[in-house]
Amino acid sequence: MYIDGNKIEGLIFDMDGLLLDSERIVQKSWEMAGNELQIRGMGAQIYHTLGMNAKSRREFFEQNVKKNFPYEEFKELTHKYFYKITDEEGLPVKKGARKLLEYAKMHGYKTAVATSSGRKYAEQVLKEAKLYELLDGGVYGDMVSKGKPDPQIYLRALESISVRSENALAFEDAPNGVRSAVAAGIKTIMIPDLVSPTEEISEMLYRCFDDLGEVISILD
């Protein structure tokens with residue numbers, strides 16, 4: 001596939017809400033953890049923090065939810081509830097994700113993940129979903145100093161698969177992720193999950209699809 005005369009060689013994916021249907025489970029675990037800490041409405045905060053790494057989320061909570069927000073306690077509780085839910089219900093792979101990754105592997109595209117989630121968690125859930133072996137590289141939220149929408153994570157992801165920005169496509173489900181990829185100079189496709197693209201975000205996008213499987217039609 002060529003875009004503006006540049007051959008596409010690499011595909012870079014966000015993880016939560018794009019490869020894995022995890023955002024709704026995270027939202028539920030945040031609400032449950034917040035209720036236990038008597039901080040109401042924490043589930044709704046996910047709409048403001050999509051794509052942020054742990055450092056950025058901590059700062060957001062302290063500035064917008066509560067001064068001296070009990071971040072470490074909240075994180076422990078959210079992990080407890082998240083794994084309780086996934087142990088009981090599983091962590092579904094998003095529609096079309098495996099199909100596109102398998103297609104990419106068969107057709108010589110290099111693939112990487114660029115997720116704000118920490119490496120330990122991300123590698124665990126990707127391995128459990130049997131997607132990890134379909135990836136050639138990746139950068140995680142605890143490997144960068146600046147979270148999305150800063151382009152750092154996408155620039156590092158490009159390096160992890162030795163692909164230039166003009167030879168890559170990025171896939172995102174949330175506005176901050178789109179901004180991050182576009183700022184890194186990568187053509188970006190959005191697969192909306194919890195948040196639909198605004199007019200501003202739509203103007204940044206190369207394309208928008210309902211699921212990752214639909215992308216194969218433009219790669220063929």
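**Entry 1: aromatic pairs**

I start with a rule: rings of Phe, Tyr and Trp (its six-membered ring) pair if their centres lie within 6.5 Å, and the planes count as stacked when under 30 degrees apart, edge-to-face when over 60 and tilted for the rest. With that rule, I searched the whole structure and found 10 aromatic pairs.

I noted what kind of model this is: it is predicted, so local features need pLDDT of at least 70 and side-chain atom pairs count only at pLDDT 80 or more, while totals for chains, interfaces and linings use all residues. I also noted that residues are numbered from 1 along each chain as its sequence is written, and that side-chain values use heavy atoms, with hydrogens and water left out.

I looked up W30 and F74, whose rings are edge-to-face, 5.8 Å centre to centre with 65° between the planes. W30 belongs to helix α1 (residues 23-36) and F74 to helix α4 (residues 71-89), so this pair ties together parts 44 residues apart in sequence. Helices and strands here are DSSP runs numbered from the N terminus (helices H or I, at least four residues; strands E, at least two).

My cut-offs are under 20% relative accessible area for buried, over 50% for exposed and in between for partly exposed (1.4 Å probe, protein chains only).

Next I checked F82 and Y121: their ring centres are 5.7 Å apart and their planes stand at 75°, so this pair is edge-to-face. It links distant parts of the chain, with F82 in helix α4 and Y121 in helix α6 (residues 119-128), 39 residues apart. F82 counts as buried at 5% relative accessibility, and Y121 counts as buried at 18%.

I also traced a cluster in which ring pairs link W30, F60, F61, F69, Y71 and F74.

**Entry 2: charges over rings**

Which lysines sit over a ring? The charged end of K80 is over the ring of Y81, 4.7 Å from its centre, and K127 lies over the face of Y132, 4.9 Å from the ring centre. To count, NZ of Lys or CZ of Arg must be within 6 Å of the ring centre and within 35 degrees of the ring normal.

**Entry 3: strands**

I moved on to strand β3 (residues 10-13), where G10 and I12 on one side and L11 and F13 on the other are all buried. In a regular strand the side chains alternate between the two faces of the sheet.

β3 runs parallel to β4, joined by 4 bridges, and G10 has K110 in β4 as its bridge partner. β3 also pairs with β6 in the parallel sense over 4 bridges, where F13 is partnered by F171. Two strands pair if DSSP finds at least two bridges between them.

Strand β4 (residues 110-115) is joined to β5 by 4 bridges, and these two run parallel. Across from T115 I found Y140 in β5. In β5 (residues 137-140), G137 and V139 point one way, G138 and Y140 the other, and all are buried.

Then I followed the chain through β4, α6 and β5, which make a right-handed β-α-β unit. Right-handed means that, with the strands pointing away from the viewer, the path from the first strand over the helix to the second runs clockwise.

**Entry 4: helix α8**

Which residues of helix α8 (residues 175-183) are buried? I listed P175, N176, G177, V178, S180 and A181. These buried residues pack against α7 (152-160), β6 (168-172), β7 (187-190) and α9 (199-204), where contact means heavy atoms within 4.5 Å. Just after α8, G185 takes a positive phi of about 85°.

**Entry 5: salt bridges**

My search of the whole structure gave 15 salt bridges, each a side-chain nitrogen of Lys or Arg within 4 Å of a carboxyl oxygen of Asp or Glu.

K84 pairs with E88, with the closest N and O atoms 3.1 Å apart. Both lie in helix α4, 4 residues apart, about one turn of the helix. K84 is partly exposed at 44% relative accessibility, whereas E88 is exposed at 57%.

D193 and K94 meet in a salt bridge of 2.9 Å, N to O. This pair links distant parts of the chain, 99 residues apart: D193 is in the loop between β7 and α9, and K94 in the loop between α4 and α5 (97-106). Both D193 and K94 are buried.

Last, I looked up R164 and E166, a salt bridge with the closest N and O atoms 2.7 Å apart. Salt bridges that share partners also join D21, R24, K94 and D193 into one network.
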